[in-house]
Amino acid sequence: MRSKQILSILLQLVVAGLVIIFTAYLLPGIVVDDLITGILIAALLALLNITIKPILIFFTIPITILTLGLFLLVINALMVMLAADIVNGFAVGNFWWALLFSLVLSLVNSLLGISLGRSLGR
């Protein structure tokens, strides 16, 4: 990988970590200890979304179709709860907080992703 690509990935992880801390600040049912924990959560969620999430989506296709795609929100919340079990310093109160966390995180990441993409020249 080129150094620009590595720098871009590191920047995205730091921004995602900051977004995670900001989202945890907004939601009282979510606890993130510090920025390093936020960055670890961002990296772990990216890894889980690449590896485990597609498998879960495949096995839940019928229920996802039946719910018109809303079951994907449940899968996102489960990924957040799994990350909370793995990373020390990250706690999620219950399923509903995980669902709300994943929704807010997706929204803020989408908004920031657009502006970051423009500033990085993509």
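## Ground rules

Helices are DSSP runs (H or I) of at least four residues, numbered from the N terminus. By that count, Ile61 lies in helix H3. The model is predicted, so local features need pLDDT of at least 70 and side-chain atom pairs count only at pLDDT 80 or more, while totals for chains, interfaces and linings use all residues. Residues are numbered from 1 along each chain as its sequence is written, and side-chain values use heavy atoms, with hydrogens and water left out.

## A nonpolar surface patch

Ile61 is partly exposed at 36% relative accessibility (the class between buried, under 20%, and exposed, over 50%; 1.4 Å probe, protein chains only). Together with Ile55, Phe58, Phe59 and Ile65, Ile61 forms a nonpolar patch on the surface with about 560 Å² of accessible area. Helices H2 (35-59) and H3 (61-66) each give two or more residues to this patch, and H2 gives the most, with three. Patch members have over 30% relative accessible area and no salt bridge, and nonpolar side chains are joined within 5 Å.

Ser102 sits in helix H5 (residues 95-119) and is buried, at 6% relative accessible area. The Ser102 side chain reaches the backbone oxygen of Leu99 at 2.8 Å. Beyond residues up to four places away in sequence, Ser102 touches Asn76, Ala77 and Val80 (heavy atoms within 4.5 Å).

Helix H4 (residues 71-86) has 16 residues and spans 23 Å from its first C-alpha to its last, close to the 22 Å expected at 1.5 Å a residue (1.5 Å times one less than the number of residues).

Notes: Patch = residues over 30% accessible without salt bridge, like charges linked within 9 Å, V, L, I, M, F, W, Y side chains within 5 Å. Areas by Shrake-Rupley, 256 points an atom, 1.4 Å probe, with all protein chains shown as cover. Salt bridge = Lys/Arg side-chain N within 4 Å of Asp/Glu carboxyl O. Polar contact = N/O pair within 3.5 Å; in protein donor to acceptor, adjacent residues only side chain to side chain.
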